[in-house]
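Good morning, and thank you for coming. Please look at the chain on the screen while I describe how it is built.

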Amino acid sequence: MGQLRITEYGEAVLKKPGEPITTFDASLAQLADDMIETMYAADGIGLAAQQIDQAIRLCVVDLYQEGMEVDFDYMLDGKKPPLSLIMPMALVNPRIQELGKNQNDYEEGCLSFPNIRAIVKRPEQITVEYQDLEGVSHRLTCNGLLARCIQHEVDHLNGVLFIDRMDNKELSKINGALKQLKKQTLNNTGIQT
Ligand SMILES: [Zn+2]
């Protein structure tokens, strides 16, 4: 395996909620590795299984890449291990348990929507429970870009896209680009409309 093809807006898998993962074996670890490699090659900070054409509940995140500014705080299982130890992260069956009351605006992109960015409002802090690749449960509370990235990826696992979170004003700005991308995707994948 290795690098995988990233699915793009218009492909049905992006709207499919993921099946829970119940087998924690070498092939799951390999898939997570391949997703991390794919994410790096595309200069991304997160990637969900739907984006590599699999509707399962697995996503990967890395906010400790070269030149990246760390502007967030986090607490993992009641401790704060160095970021270098916990990144890249693979989150299996993540469930967001708590959303902070404060929300903020941030311009998001998505690897399934090349060259399209727009502002999405999201809660500033979250607590997420997930399993690691061995099936061990963890609880992470975080804010800033890490909280935003995890919310974006967990949305993917539920078949929800960042455009579904945008208000009409933001959507209208990217409407033309979205239509064009969808048309291009359908042409590339040979899906008949
Ligand atoms: Zn995305």
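I shall speak about the overall fold, then the sheet, the cores, and some local details.

First, a word on the model. It is predicted, so to speak with care, local features need pLDDT of at least 70 and side-chain atom pairs count only at pLDDT 80 or more, while totals for chains, interfaces and linings use all residues. Residues are numbered from 1 along each chain as its sequence is written.

The protein chain has 4 helices and 8 strands; these are DSSP runs numbered from the N terminus, with helices (H or I) of at least four residues and strands (E) of at least two. From the N terminus on, the order of elements is α-β-β-β-α-β-β-β-β-β-α-α. The radius of gyration is 16 Å, close to the 16 Å that the globule rule gives for 193 residues, so the chain is as compact as a globular protein of that length. That radius is taken over C-alpha atoms, and the rule is 2.2 Å times the number of residues to the power 0.38. Along its principal axes, the C-alpha trace spans about 50 × 40 × 30 Å.

Let us turn to the sheet. In what order do the strands of the open sheet lie? The 6 strands follow the order E1-E2-E4-E7-E8-E3, with antiparallel pairing; two strands pair if DSSP finds at least two bridges between them. At the edges are E1 (46–48) and E3 (74–76), each pairing on one side only. From one strand to the next, the twist averages 35 degrees. Helix H1 (residues 26–41) packs on this sheet and touches E1, E2 and E4, its direction making about 45 degrees with that of E2. Here axes are lines fitted to C-alpha atoms, for helices over the stretch in contact, and angles run from 0 to 180 degrees between N-to-C directions. E1 and E2 (residues 58–61) pair over 3 bridges, and Gly 46 has Val 61 in E2 as its bridge partner.

Next, the interior. A residue is buried if 20 or more other C-beta atoms lie within 10 Å of its own, exposed if 12 or fewer, and partly exposed in between, with C-beta atoms placed from the backbone. Of the 193 residues, 32% count as buried. A nonpolar core is a set of buried Ala, Val, Leu, Ile, Met, Phe, Trp, Tyr and Cys residues joined through C-beta atoms within 7 Å. The largest one has 30 residues, and Cys 59, Val 60, Val 61 and Ile 150 have the most contacts inside it. Its largest share, 6 residues, comes from H3. Contact means that two C-beta atoms, placed from the backbone, lie within 7 Å. Among the residues that Val 60 touches are Ala 32, Met 35, Leu 47 and Pro 88.

Pro 88 brings us to the local details. A cis peptide bond joins Met 87 and Pro 88, with omega about -5 degrees, and Pro 88 lies in the loop between helix H2 (83–86) and E4. Asp 43, although not a glycine, has a positive phi of about 60 degrees. Is Asp 43 buried or exposed? With 9 C-beta neighbours inside 10 Å, Asp 43 counts as exposed.

Finally, helix H4 (residues 168–189) has a kink of about 55 degrees centred on Ile 174. The bend at a residue is the angle between axes fitted to the seven residues ending there and the seven starting there. H4 is hardly covered: among its 22 residues, the count of buried ones is 1.

Definitions and conventions: Lists of a residue's contacts leave out its neighbours within four places in sequence.
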